[in-house]
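These are my notebook entries on what I looked up in this structure. I set them down in the order in which I worked.

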Amino acid sequence: MNETRRVLIAADKFKGSLTAVQVAERVTAGLRRVVPDLRIEALPVADGGDGTVDAAVAAGFERREVRVAGPLGQEVTAAFALRDGTAVVEMAEASGLQRLPAGVFAPLTASTYGSGELLRAALDAGARTIVFGVGGSATTDGGAGMLSALGARFLNEDGEPVAPGGGGLAELARTDLSGLDPRLSSVELVLASDVDNPLTGPKGAPAVYGPQKGASPDDVETLDAALVHFAKVLEAEVGPPAAEYAASPGAGAAGGIGYGALLLGARFRPGIEVMLDVLGFAPALQRASLVITGEGSLDEQTLHGKAPAGVAAAARSAGRTVVAVCGRLALSPEALLRAGIERAYPLTSVEPDVARCIADAGPILERVAMRIAEDHLD
């Protein structure tokens with residue numbers, strides 16, 4: 001029976017412990033300790049947030065590096081992925097929280113300018129389709145910085161550019177989108193995100209995600225008012241779509257960069273769905289009899305557009321058995337089954353000490369994978 005079985009490992013990262021590629025390597029090693037000749041296919045996945053470019057590269061895309069502005073204007077080396085005219089661009093590579101110095105937050109001034117430079121680099125590389133994965137941002141500027149890097153101008157009463165970041169938009173008097181890179185009109189731009197928040201309001205970018213980026217209650221109020229003003233001033237140039245986009249699902253993604261992407265004509269799709277398409281998940285799934293997915297924490301958030309839920313939904317539709325690995329499990333067996341996951345294997349099932357699970361995640365995950373092999377492949 002074993003020689004006909006093929007396992008597909010399609011797991012996301014264990015944030016802070018293992019990349020998605022490392023998760024696949026450790027699970028592979030553990031399975032093979034029990035079934036040495038097992039046929040295994042690894043397809044590390046991501047939902048549009050940090051790790052998306054790495055997942056594309058692991059699937060055979062070419063990694064391209066470029067120097068761009070970080071969220072505070074400092075120069076950083078950021079990567080995107082390219083294959084056959086399709087680019088995978090991850091905004092966190094340029095404008096993510098990981099690009100801030102340790103312990104430093106800049107909720108009012110952090111800019112997405114570098115993300116616009118990354119998009120421009122993808123255009124320069126000849127991309128005809130750009131998958132723009134957004135998440136993990138340090139920014140709340142509504143995508144104004146990104147649009148500026150692509151040729152837009154945002155001016156104050158004196159005709160000078162407004163200061164970078166969401167806070168600077170309070171001074172916005174006039175917008176000029178006429179200088180936007182003309183290549184954008186002939187490219188398919190896909191906004192890939194696991195959140196569907198609008199730009200502003202109680203469920204908007206500042207209120208929901210601002211505090212994670214160091215925003216105080218006053219900062220949240222300032223940013224929300226600035227983004228409302230941003231959309232209103234844009235209406236003078238763009239017309240009613242400026243307000244329609246602001247209320248659209250995904251506009252609030254990654255500090256409102258989703259809004260900027262929608263202004264560029266992007267089509268919003270759940271990040272994991274886009275990435276499964278781009279990575280070639282469907283043909284890999286047809287070759288598999290057992291699918292192993294997972295991420296660091298399987299919890300309520302997992303069920304709302306995260307990678308394991310997307311993998312499980314697709315696998316269930318194809319009639320495949322799905323199990324999951326995770327660091328922490330906070331879902332009931334019933335909730336897992338509803339999501340299409342037969343069983344979850346947390347690291348704590350073999351090592352009760354959580355601190356040790358975090359510190360030694362790799363070796364412990366191998367032991368977890370051995371259990372999966374014993375339960376499902378022996």
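Entry 1. I looked up what the buried residues of α12 pack against, and found α10 (271-279), α11 (281-287), β11 (290-298) and β12 (321-329). The model I consulted is a predicted one. Helix α12 spans residues 307-317, and its buried residues are Ala307, Pro308, Ala309, Gly310, Val311, Ala312 and Ala315. I then read on past the helix: Gly319 follows α12 and has a positive phi, near 75°.

Entry 2. I next turned to residues other than glycine with a positive phi. Asp84 is such a residue, with phi near 50°. I located Asp84 in the loop between β4 (75-83) and β5 (86-90). Is Asp84 buried or exposed? I noted a relative accessibility of 68%; exposed means over 50%, so Asp84 counts as exposed.

Entry 3. Ala254 is not a glycine either, yet I recorded a positive phi of about 50° for this residue. Ala254 belongs to helix α9, which covers residues 253-263. The relative accessible area of Ala254 is 10%.

Entry 4. I finally examined charge on the surface. Which residues gather in a patch of negative charge there? I listed Glu157, Asp158, Glu160 and Glu171. Of these I followed up Glu157, which lies in the loop between β7 (153-155) and β8 (174-176). Glu157 counts as exposed because its relative accessibility is 72%.

Terms used
Residues are numbered from 1 along each chain as its sequence is written. This is a predicted model: local features need pLDDT of at least 70, side-chain atom pairs count only at pLDDT 80 or more; totals for chains, interfaces and linings use all residues. Side-chain values use heavy atoms; hydrogens and water are left out. Patches are made of residues with over 30% relative accessible area and no salt bridge: like charges are joined within 9 Å, nonpolar side chains (Val, Leu, Ile, Met, Phe, Trp, Tyr) within 5 Å. Accessible areas come from the Shrake-Rupley method with a 1.4 Å probe; for residues, only the protein chains shown count as cover. A salt bridge is a side-chain nitrogen of Lys or Arg within 4 Å of a carboxyl oxygen of Asp or Glu. Lys and Arg count as positive and Asp and Glu as negative; His and the chain ends are not counted. The place of a charge is taken as NZ of Lys, CZ of Arg, CG of Asp or CD of Glu. Helices (H or I, at least four residues) and strands (E, at least two) are DSSP runs, numbered from the N terminus. Buried means under 20% relative accessible area, exposed over 50%, partly exposed in between (1.4 Å probe, protein chains only). Contact means heavy atoms within 4.5 Å.
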